[in-house]
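Subject: Model for you to look at

Hello,

Here is the model I promised to pass on. My notes follow below it.

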Amino acid sequence: MNIRGIIPALVVVGVIFAIWTAAVIPMNAHLTADQAQRDGLVMTPEAPRDRQDFTGLTLAIKNPAIIPLTYTLTRPRLPSPHQVAIEMYETIFTKAPTSRRSLVYHGWVTLSATLLGFVIGTTLGVLLAVGIVYNRTMDKSVMPWAITSQTIPILALAPMIIVMLGAIGIQGLLPKSIISAYLSFFPVVVGMVKGLRSPDGMQLDLLRTYSANANQGFWKLRLPASMPYLFASLKIGISAALVGAIVGELPTGARAGFGARMLVGDQYGQPMVTWAALFGAAITAALLVAILSWIERRTLTRMGMGATA
Amino acid sequence: MAFIIALTIWAVGWWINGRLANGPRSDSRAISLLIPIIFGVTIIAMWEVLVTMLGVSPIILPPPSSIAVRFAGEIPILWADFEQTILKGAMTGYVVGMIAAFTVALLADRSEFLTKGILPVGAFMAALPIVGTAPIFVKWLGSDWHSKAAVVGVMVFFPILVNTVAGLKDTSVMQRDLMRTYGAGYWPTLFKLRLPAALPFMFNGLKIATTLALIGAIVAEFFGSPTVGMGFRISTSVGQLALDMVWAEIVVAALAGSAFYGAMALIEKRATFWHPSQRS
């Protein structure tokens with residue numbers, strides 16, 4: 001992306017942050033007013049119950065003194081951007097990566113499950129797609145199910161898969177990876193089938209005039225032609241895999257990982273922990289997609305398809 | 001013995017499908033509907049035979065028959081959960097998110113600059129694990145369906161927004177010039193040319209959003225809910241090892257998801273009958 005394309009995106013991001021920063025005041029006004037009163041400031045109205053009748057915004061206007069204080073609460077309803085940034089900085093850079101308080105440690109737990117699941121799901125997905133393209137029975141029987149399965153909320157299966165595997169004695173990384181694999185599997189199947197079928201009749205005929213056999217047709221035409229489709233589905237698949245790993249951590253009381261951090265922050269009233277885990281997960285997803293886009297660009301350019309990518 | 005029976009079922013199912021798929025009328029509508037159904041029935045029959053004959057514990061994998069019995073026996077509870085999660089949580093959020101996305105898209109469309117900024121940022125946000133905001137919304141809006149609707153609204157917002165903004169850009173200079181020669185201003189051009197041209201894109205976003213809406217509503221209930229709802233039922237039934245109930249809820253979720261998607265696809269077919277992808 002060139003410089004001209006970045007500026008509008010930055011402006012939009014800036015607007016989002018500005019809205020967030022402005023929203024901190026009304027969201028936290030009541031909590032701040034209670035806290036300020038305990039610290040000896042005079043609030044209007046004085047009784048906390050009367051304050052409940054006002055919206056956060058009116059309360060802040062009536063008591064301008066609390067406005068700066070809304071940004072520094074220890075347990076805010078909505079933390080301000082700088083509070084989240086500080087929390088993230090502290091848990092990423094000032095803690096040893098092996099410590100249980102480090103976000104890097106929890107991120108790695110989730111990331112390793114995501115990557116393992118992604119590799120399993122993608123491999124199986126590509127294999128099934130090849131089977132579907134070359135076997136008419138498989139195409140007719142399995143393909144409708146692969147498409148239908150994208151319309152059902154597979155993620156609802158997550159708690160059960162964990163318990164099922166736990167009952168047979170499989171714990172730790174693998175159950176989460178299986179959920180990730182399952183979620184990244186179907187996008188890859190659908191995209192890859194489309195890709196392997198993308199060569200048109202003219203191209204297939206050309207190979208036939210070269211008297212190429214089926215094997216050569218696969219390696220020299222169908223597989224290269226499917227690459228743009230494969231990368232498009234890989235990018236969908238990896239973010240689905242990450243969501244799967246996070247949700248897989250929720251119902252089992254996992255002690256490590258982004259999902260566990262969100263749950264811990266929620267249950268022990270530490271909003272910063274939840275927000276830091278949320279942004280950690282977002283940044284991880286962004287990095288994964290960015291890495292895949294980079295590989296995509298490199299690959300397609302080397303294959304001579306760079307202009308279309 | 002169990003494996004032999006299961007293999008026989010598989011072989012018979014596969015043989016029938018092979019005959020149908022490679023037969024002369026394999027592209028007819030009835031046959032292409034019949035083949036996946038036979039495949040599904042084969043899988044369910046194998047599952048039933050293997051689970052019952054090998055004596056697999058029902059806390060690992062219940063047989064389909066007991067899931068069906070449970071489903072039939074618990075219809076009032078399943079309906080209450082469906083109402084709470086799908087009708088109240090997912091649908092409200094979906095409609096609110098959709099209206100918000102359309103509004104923002106129309107506003108952004110007035111400015112070239114905003115359009116350029118919203119497309120990459122929106123596409124980026126759509127790839128984020130937004131479902132992680134669920135605990136925050138549950139804290140803000142309480143554990144009833146309002147917080148679920150909020151999660152769903154945010155989740156469906158970005159895919160619909162990105163697709164609508166992209167769709168509104170999808171008219172050629174020639175078409176817009178034609179409208180200008182007719183003396184059409186912004187609004188007539190919008191309603192007669194650009195919105196219809198954007199419809200295929202908008203429906204694409206709306207169809208992606210159907211699955212997201214159900215996922216958001218169900219997963220958000222894992223973070224706190226009243227004692228009704230599909231996510232609540234799934235997590236408590238898993239805790240009680242009542243896996244047949246979990247499977248019954250999953251059947252409901254699958255039916256609801258397919259119906260929701262199917263309804264959107266049907267509306268799309270009606271609304272964009274003129275588009276090449278709908279004419280075959």
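The largest nonpolar core has 132 residues, and A:Val189 and B:Val156 touch the most other members. A nonpolar core here is a set of buried Ala, Val, Leu, Ile, Met, Phe, Trp, Tyr and Cys residues joined through C-beta atoms within 7 Å. Buried means that 20 or more other C-beta atoms lie within 10 Å of the residue's own, exposed that 12 or fewer do, and partly exposed anything in between, with C-beta atoms placed from the backbone. Helix H7 of chain B (residues 145–168) gives the most to this core, namely 16 residues. Helices are DSSP runs (H or I, at least four residues; strands are E, at least two), numbered from the N terminus. Another core, of nine residues, lies apart from it and includes A:Val24 and A:Ile66.

Leaving out residues up to four places away in sequence, A:Val189 touches A:Gly125, A:Leu128, A:Ala129 and A:Ala146; contact means C-beta atoms, placed from the backbone, within 7 Å.

Please note that this is a predicted model: local features need pLDDT of at least 70 and side-chain atom pairs count only at pLDDT 80 or more, while totals for chains, interfaces and linings use all residues. Residues are numbered from 1 along each chain as its sequence is written, and chains are lettered from A and ligands numbered from 1 in the order in which they are written.

On the contact between the chains: 50 residues come from chain B and 44 residues from chain A. On the side of chain B that touches chain A, H11(B) gives the most, with eight residues. By class, that side of chain B has 34 nonpolar, 14 polar and two charged residues. Nonpolar covers Ala, Val, Leu, Ile, Met, Phe, Trp, Tyr, Cys and Pro, charged covers Asp, Glu, Lys and Arg, and the others, Gly among them, are polar.

Helix H4 of chain A (residues 81–93) has 13 residues, which at 1.5 Å a residue should span 18 Å; its end C-alpha atoms are 18 Å apart, so the two agree. The expected span is 1.5 Å times one less than the number of residues. Its buried residues are A:Gln83, A:Glu87 and A:Thr91. They cover an arc of only 55° around the axis and therefore sit on the same side of H4(A), the arc being that of the directions from the helix axis to the C-beta atoms. These buried residues pack against helix H5 (103–134) and helix H12 (271–302) of chain A. The face turned away from them carries the exposed residues A:His82, A:Tyr89 and A:Phe93.

Regards

Notes:
Contact = placed C-beta atoms within 7 Å.
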